[in-house]
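Let's walk through this model together, from the chain as a whole down to single residues. Have the sequence and the 3D view ready as you read.

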Amino acid sequence: MKLTIVRHGQSVFNQSNTFTGWEDADLTEQGIAEAIEAGKRIQRHGLHFDIAFTSVLTRAIKTLYYILEETNQLWIPVEKSWRLNERHYGALQRLNKAETAEKYGQEQVHQWRRSFDVMPPLLKDDDKRQAKKERRYQLLDQKAIPSGENLKMTLERVTPYWMDTIAPQIKQGKHVIIAAHGNSIRALVKHLENLSDEDIVNVEIPTGVPLIYELNEKLEPTNKYFLENEQG
Ligand SMILES: O=C1c2ccccc2C(=O)c2c1cc(NS(=O)(=O)c1ccccc1O)c(O)c2O
């Protein structure tokens with residue numbers, strides 16, 4: 001059984017090296033082009049899907065829809081969940097590289113950068129960046145809405161979604177595509193490949209390149225490859 005995973009293309013915040021997290025940045029023209037190219041590669045590879053999963057953030061949703069349009073599959077069911085959202089970067093959201101270093105110092109940035117369980121500074125309840133205020137998350141248990149996450153917390157809220165919602169669909173024989181974010185995909189890769197906390201911090205997921213896993217009946221990977229650009 002093949003599983004397709006795609007990290008969304010470049011967003012307007014990526015372009016300015018700004019922490020995005022749960023901020024709802026749109027794709028840039030380049031990000032759209034990456035999504036369309038991913039769709040073309042999937043089409044050339046002859047992959048088809050029965051169901052799609054994505055986050056509730058525009059950049060991942062649009063990446064998925066550009067791929068579904070390119071592969072004439074806009075008709076398939078799509079499930080969106082906050083659990084596939086990017087890691088929540090707390091009060092770092094909307095800060096760029098220079099502002100972060102200036103505000104918190106290079107030493108602190110360096111410590112955060114490769115840590116698994118160190119928290120970023122949290123958003124205060126009255127901060128305008130607080131997700132709790134958005135209609136998008138209104139129906140959720142407000143305690144589940146983070147004001148910042150370490151990588152461990154992101155993994156812990158993505159993995160149950162895989163176990164309870166995505167894996168059963170694959171076991172029923174459905175071909176699945178997941179369009180998500182760097183850290184939510186890391187959670188899936190860590191679980192699928194049974195990687196350690198140390199290993200996963202160093203795994204980088206390229207944007208816009210379809211990652212294909214071939215899974216056995218126990219959903220263990222028997223093969224893994226990226227749909228790179230075919231020459232010619
Ligand atoms: O500061 C962080 C950081 C802080 C808190 C939690 C996680 C991270 C984190 O994961 C991270 C960071 C910086 C950089 N590189 S950077 O210092 O060049 C940088 C800083 C600010 C914005 C974007 C940048 O590219 C990274 O590549 C990261 O993966």
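Of the 232 residues of the protein chain, 50% count as buried, where buried means under 20% relative accessible area, exposed over 50%, and partly exposed in between (1.4 Å probe, protein chains only). Before going further, a word on the ground rules: this is a predicted model, in which local features need pLDDT of at least 70 and side-chain atom pairs count only at pLDDT 80 or more, while totals for chains, interfaces and linings use all residues. Residues are numbered from 1 along each chain as its sequence is written, and side-chain values use heavy atoms, with hydrogens and water left out.

Now for the overall dimensions. A compact globule of 232 residues would have a radius of gyration near 17 Å, and the protein chain agrees, with 17 Å; this radius is taken over C-alpha atoms, and the globule rule is 2.2 Å times the number of residues to the power 0.38. Along the principal axes, the C-alpha atoms fill a box of roughly 50 × 35 × 35 Å.

The protein chain holds eight helices and six strands, which are DSSP runs numbered from the N terminus (helices: H or I, at least four residues; strands: E, at least two). From the N terminus on, their order is β-α-α-β-α-β-α-α-α-β-α-α-β-β.

How are the six strands arranged? They form an open sheet in the order S3-S2-S4-S1-S5-S6, with mixed pairing; two strands pair if DSSP finds at least two bridges between them. Strand S3 (78–80) and strand S6 (221–226) stand at the edges with a single partner strand each, so one side of each has no neighbour in the sheet.

You can see both senses around S1. S1 and S4 run parallel and are joined by five bridges, and in S4 the bridge partner of Thr4 is Ile177. S1 and S5 pair in the antiparallel sense over four bridges, with Thr4 standing opposite Ile212 in S5. S5 itself is mostly covered, as four of its five residues are buried. S5 also pairs with S6, in the antiparallel sense over five bridges, and the bridge partner of Leu215 in S6 is Pro221. These two strands form a hairpin with five residues between them, and Leu219 in the turn has a positive phi of about 60°.

Next, look at the packing of side chains. A nonpolar core is a set of buried Ala, Val, Leu, Ile, Met, Phe, Trp, Tyr and Cys residues joined through side-chain atoms within 4.5 Å. The largest one has 30 residues, of which Leu3, Ile5, Trp162 and Ile178 touch the most other members. Among the elements that each supply at least two residues of this core are strand S1 (2–7), strand S4 (176–180) and helix H7 (182–193). H6 gives the most, with eight residues. Leaving aside its neighbours within four places in sequence, Leu3 is in contact with residues including Trp162, Ile178, Leu192 and Tyr213, where contact means heavy atoms within 4.5 Å. A second, separate core of 14 residues includes Val6, Phe49, Ala52 and Ile177.

Finally, visit helix H2 (residues 29–44), where Ile36 is found. Ile36 is partly exposed, with a relative accessible area of 26%. Beyond its neighbours within four places in sequence, Ile36 is in contact with Tyr66 and Glu70.
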